[in-house]
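I opened this notebook to record what I looked up, entry by entry. The sequence and the structure come first.

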Amino acid sequence: MTPAIEFKSVTKTFSKRDGTVQSVLDDVDFSIPAGKTTVIAGGSGQGKSVTLKLVLGLMQADSGQILIDGKDVTRARGRVLEELRMQFGVLFQGAALFDSLTVFENVALPLRERTRKTEAQIKEMVGYSLEQFELAGHEEKYPAQLSGGMQKRVGLARAMQLEPAIMLFDEPTTGLDPVMTQEIYHLFARTQANFGFTSVIVSHDIPKIFNLADQVIILDNGKMDVFGSPEAIQWSEKPHIQEFVKTTMGDIYQSHLVEK
Amino acid sequence: MEKNFLARLGDSGLYILTDLGRMAIFLLKALRGVFRRPFRLKELLRQIHFTGVGSLAVIFFTAISTGMVLGLQGYYSLSKFGAEGMLGSAVSLTLVMELGPVLTALMVTGRAGSAMCAELGIMRISEQIDALDCMAIDPFRYFITPKFLAMLVSVPLLTAVFDVVGITGGYIAGVGLMGVNPGSYFAGMQNSVTNHDIWLGIVKSFVFALLIVWICTGRGYFVQMIRGAGFGAESVSRVTTQAVVLSSISILVFDYLITAVLL
């Protein structure tokens with residue numbers, strides 16, 4: 001299967017003020033299959049969000065290549081970078097809605113700025129997608145007047161407007177209560193079934209998020225471990241993965257080790 | 001590991017150079033946005049309304065009180081030499097060449113510049129600017145260039161308003177309260193203020209406008225890259241303070257430089 005995103009020997013470090021260097025990605029290779037859901041998990045500060053920013057060209061890698069449809073995003077500038085970014089829809093951690101625009105204007109923004117559609121067409125499209133995301137009737141509200149879950153749904157509606165081939169989700173359920181979290185997961189499953197996009201979810205909502213995953217990547221101290229399925233993580237012999245499973249999912253998930 | 005003095009000095013030098021380079025590229029991108037279509041006329045008008053119309057009241061009160069103080073002080077000083085007739089000339093020259101542009105710029109920095117810095121800072125930390133980038137919408141063309149243009153249009157006009165209101169304030173204090181001859185107040189002004197003086201005031205107000213908008217929007221845009229700013233809401237408040245202080249100092253330094261070169 002052709003990968004949607006491919007990391008080739010990517011290294012990213014940050015230098016701290018005291019002169020030490022923190023390695024976030026250390027010569028990392030992996031690929032994200034098209035049309036599937038990949039979950040990137042790992043502890044706080046392990047560089048999950050940095051990985052997404054590298055994919056979007058919002059941050060520069062120190063070395064290596066990040067290929068999207070065969071084009072290297074680390075070398076892309078100007079128009080080429082814009083075209084690469086057009087393939088993505090992004091749901092940011094805090095939804096990143098524009099405070100000064102209403103719900104309608106937020107969702108209409110990519111259509112107004114990036115397409116030549118008429119105002120009537122935009123109104124129809126935005127109205128339809130607001131209905132899909134159960135936001136009808138909230139068009140004239142400002143982001144500050146919405147609950148966290150609603151803001152995420154507006155963010156998702158906005159990200160989906162240009163029908164992206166790849167959706168990136170940065171901690172989509174942070175700050176939401178369990179009911180809302182469940183609702184967002186259902187929404188993911190539904191929209192992906194409808195649109196068939198490649199999705200990359202960065203999350204620490206383990207193990208719940210694994211229900212959505214076709215592939216899981218665990219980020220730990222600059223290294224990445226790729227697993228074909230969530231179950232495969234539990235069978236890993238690597239001590240740091242076993243430790244990860246134990247701390248995030250509890251002892252019960254390691255019962256097979258006892259059986260062995 | 002603690003760095004030694006030389007290493008820290010070099011580190012600071014590198015940081016300052018990087019920061020200056022970043023700000024220079026920021027300025028070029030903002031100015032390039034003027035020539036990129038589509039033009040955002042509505043946003044430009046909104047910004048002009050915010051910076052220009054919104055600052056009118058504060059400019060009016062600053063100007064009238066400055067003019068009146070100048071009228072009283074001028075009268076007091078000039079009457080010692082029996083030269084009260086020169087009051088109009090003294091008030092108008094001081095306002096047109098110096099106080100008008102400088103005080104307008106300082107007031108606009110406090111009112112509109114700080115707001116622009118905080119707005120961009122919040123947009124940056126809440127990932128709104130990243131979101132624009134991800135939608136392949138150029139943040140410069142979208143909302144930074146309109147701020148530049150609005151400031152370049154508003155500050156010279158506000159300076160003109162400041163001058164007129166200030167001269168009227170001087171008239172109220174000098175003529176109305178202290179009894180200076182109204183004819184000599186205006187005649188003195190007409191005789192001494194030349195086109196060159198007015199031109200100097202206009203040049204200053206354009207330069208100050210550019211300094212304010214460049215520093216304030218630039219600091220807000222790069223809020224996460226500024227050393228010692230911290231994180232989150234605290235970083236925005238610190239960087240806004242820094243932007244206002246930097247703008248104010250630059251206005252005063254450039255005021256001297258422009259006067260020294262063009263007078």
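**Entry 1: chain A as a whole**

I began with the contacts in chain A between residues at least 6 apart in sequence, and 65% of them join residues at least 24 apart; two residues are in contact if their C-beta atoms, placed from the backbone, lie within 7 Å. I note that this is a predicted model, in which local features need pLDDT of at least 70, side-chain atom pairs count only at pLDDT 80 or more, and totals for chains, interfaces and linings use all residues. Residues are numbered from 1 along each chain as its sequence is written, while chains are lettered from A and ligands numbered from 1 in the order in which they are written.

I found nine helices and ten strands in chain A, taken as DSSP runs (helices H or I, at least four residues; strands E, at least two) numbered from the N terminus. I looked up the spans of the C-alpha trace along its principal axes, which are about 60 × 45 × 40 Å. Buried residues make up 34% of the 260 residues in chain A; a residue is buried if 20 or more other C-beta atoms lie within 10 Å of its own, exposed if 12 or fewer, and partly exposed in between, with C-beta atoms placed from the backbone.

**Entry 2: the sheet**

I traced an open sheet of six strands in chain A, in the order E6-E7-E8-E3-E9-E10, with mixed pairing; two strands pair if DSSP finds at least two bridges between them. Its edge strands are E6 and E10 (223–227) of chain A, each pairing on one side only. E6(A) and E7(A) run parallel and are joined by four bridges. One residue I checked was Leu91(A), whose bridge partner in E7(A) is Phe169(A).

**Entry 3: helix H5**

I turned to H5(A), residues 148–160, which reaches 18 Å from its first C-alpha to its last.

**Entry 4: the contact with chain B**

I recorded 16 residues from chain A and twelve residues from chain B in the contact. On the side of chain A, helix H2 (78–85), E6 and H3 each give two or more residues. H3(A) supplies the largest share, three residues.

Methods:
Expected span 1.5 Å × (residues − 1).
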